[in-house]
Protein chains: 2
Amino acid sequence: MPTAIVLFSGGLDSTTCLALAKVSGYECHTVSFDYGQRHKAEMQAAQALSAHYGAKHHVIRLPTESFSGSALTDNSIDVPDHTGDSSIPVTYVPARNTIFLSFALGLAEVYKASAIFTGVSSIDYSHYPDCRPEFIQAFENMANLATKAAVEGSPVHIKTPLLHLSKAQTIALGTTLGVDYSQTISCYQANSSGEACGRCDSCSLRKQGFAEAKLTDVTRYTTPA
Amino acid sequence: MPTAIVLFSGGLDSTTCLALAKVSGYECHTVSFDYGQRHKAEMQAAQALSAHYGAKHHVIRLPTESFSGSALTDNSIDVPDHTGDSSIPVTYVPARNTIFLSFALGLAEVYKASAIFTGVSSIDYSHYPDCRPEFIQAFENMANLATKAAVEGSPVHIKTPLLHLSKAQTIALGTTLGVDYSQTISCYQANSSGEACGRCDSCSLRKQGFAEAKLTDVTRYTTPA
């Protein structure tokens with residue numbers, strides 16, 4: 001059975017990825033990062049969902065300094081409401097996906113994994129540069145020059161099954177796989193019970209996804225949806 | 001004045017890099033990683049040398065789990081004596097340079113640095129895949145697709161001034177720049193006073209470098225050199 005490392009926030013996208021990796025026959029390790037982000041309820045969701053899918057859950061605690069200057073980690077910057085603006089927002093975290101994928105690469109080598117799954121999408125995303133296909137391809141190229149495993153003939157593949165899916169398509173796919181989205185947390189500022197704000201970029205995209213997929217939005221909101 | 005992030009272990013190579021970055025006119029930030037490696041005396045040397053060169057020193061504490069399986073971090077594996085063998089040794093740490101450079105990339109964006117210096121060499125190295133020129137080029141390509149800074153027109157350059165230098169050439173270069181190599185620590189198992197074993201791969205390459213450069217080996221050894 002091949003092994004996969006799944007970058008796993010406990011959100012809608014990464015849970016869909018995990019369900020896909022499982023159904024594709026991978027033994028899965030999930031990896032979550034704790035870097036002082038606001039949405040700590042995510043971590044509990046990630047743990048419970050990993051257990052549900054029989055995946056070993058790794059939590060990597062990272063120093064927050066290199067992530068300063070983002071509304072996701074700096075309490076002095078407010079998480080903005082969704083505006084539909086196409087510029088890179090203040091929720092952007094410097095080099096985040098690069099750092100996450102680099103740790104996944106280390107874990108992949110340790111656990112002899114042939115795949116790293118990440119739920120990035122180039123369709124309904126928040127204009128983060130490190131969610132684009134060209135970034136993912138460049139990371140895979142680099143990764144396969146970086147490790148002893150790759151040099152010795154066991155390359156790693158960065159799997160991005162949601163890259164060309166809209167949020168609605170992702171939700172439709174996950175629903176066919178039996179994903180219970182009420183247990184996933186996408187909100188940038190979920191409360192300690194895991195209830196979503198319903199207003200941030202992430203909530204807005206998710207809400208719109210359920211609407212477009214013509215599926216009931218099972219998200220638990222703090223304010224009426 | 002341009003700003004640079006310098007990957008900095010407090011060893012011979014990275015100290016030469018720092019001296020070069022300074023003389024090239026960069027305002028420097030040094031970054032060291034604490035990941036449970038054996039040679040903690042390095043960290044004290046890194047701090048003292050950063051202060052000497054007027055660089056702001058960042059220490060990033062990383063979880064050790066993703067670095068398991070290496071003689072540098074796992075006390076159950078002995079650091080081997082130098083053999084001259086050309087295979088990838090047990091001191092190899094999975095995805096180490098990828099992870100280090102990824103954090104440097106995050107810091108580069110936060111501090112608006114246009115360069116990241118790393119002291120890798122493809123000549124007198126220990127057969128680590130992530131010290132090869134093709135890896136460095138692939139990392140730079142990836143980095144400039146990853147960040148908001150790059151997308152907005154401020155790319156980062158990965159500077160590897162020692163890439164094609166032998167250890168002897170590096171020592172000769174650093175000596176002309178006034179580097180005090182007695183304060184640098186390269187040994188994989190330096191003691192708490194910063195004295196080197198004189199037998200590991202790293203000590204062996206360094207010792208040979210001083211000999212080939214026809215310069216006095218100022219390294220402090222625990223056993224007679």
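**Helix packing and sheet order in a predicted model**

Me: In this predicted model, where does helix α2 (residues 41-52) of chain B lie?
Reply: Across β2 (27-34) and β3 of chain B. Helix α2 of chain B runs at about 170° to β2(B).

Me: What makes that direction roughly antiparallel or roughly parallel?
Reply: The cut-off for roughly antiparallel is over 145 degrees. The angle of α2 of chain B to β2(B) is about 170°, so this counts as roughly antiparallel.

Me: What is the order of the strands in the open sheet of chain B?
Reply: β3-β2-β1-β4-β5, 5 strands with parallel pairing.

Me: Why are β3 (56-61) and β5 (157-159) of chain B called edge strands?
Reply: Each pairs on one side only. Neighbouring strands of this sheet are turned by 25° against each other on average, direction ignored.

Me: How do you know that β4 (residues 115-117) of chain B and β5(B) pair?
Reply: Pairing needs at least two bridges. β4 of chain B and β5(B) have 3 bridges, in the parallel sense, so they count as paired. B:Phe117 stands opposite B:Lys159 in β5(B).

Me: Why is α3(A) called roughly antiparallel to α3(B)?
Reply: Helix α3 (residues 96-110) of chain A and helix α3 (residues 96-110) of chain B pack at about 170°, with axes 9 Å apart. That angle makes α3(A) roughly antiparallel to α3(B), because the class takes angles over 145 degrees.

Me: Which residues meet there?
Reply: In α3(A), they include A:Ile99, A:Phe103 and A:Leu105; in α3(B), B:Ile99, B:Phe103 and B:Leu105 are among them. The contact has 6 nonpolar, 6 polar and no charged residues.

How values were computed: Residues numbered from 1 in each chain as written. Chains lettered and ligands numbered in written order. Predicted model: local features only at pLDDT ≥ 70, side-chain atom pairs only at ≥ 80, totals over all residues. Axes fitted to C-alpha atoms, helices over the stretch in contact; angles between N-to-C directions. Helix = DSSP H or I, 4+ residues; strand = E, 2+ residues; numbered from the N terminus. Parallel < 35°, antiparallel > 145°, perpendicular 65-115°, else oblique. Contact = placed C-beta atoms within 7 Å. Nonpolar A, V, L, I, M, F, W, Y, C, P; charged D, E, K, R; others polar.
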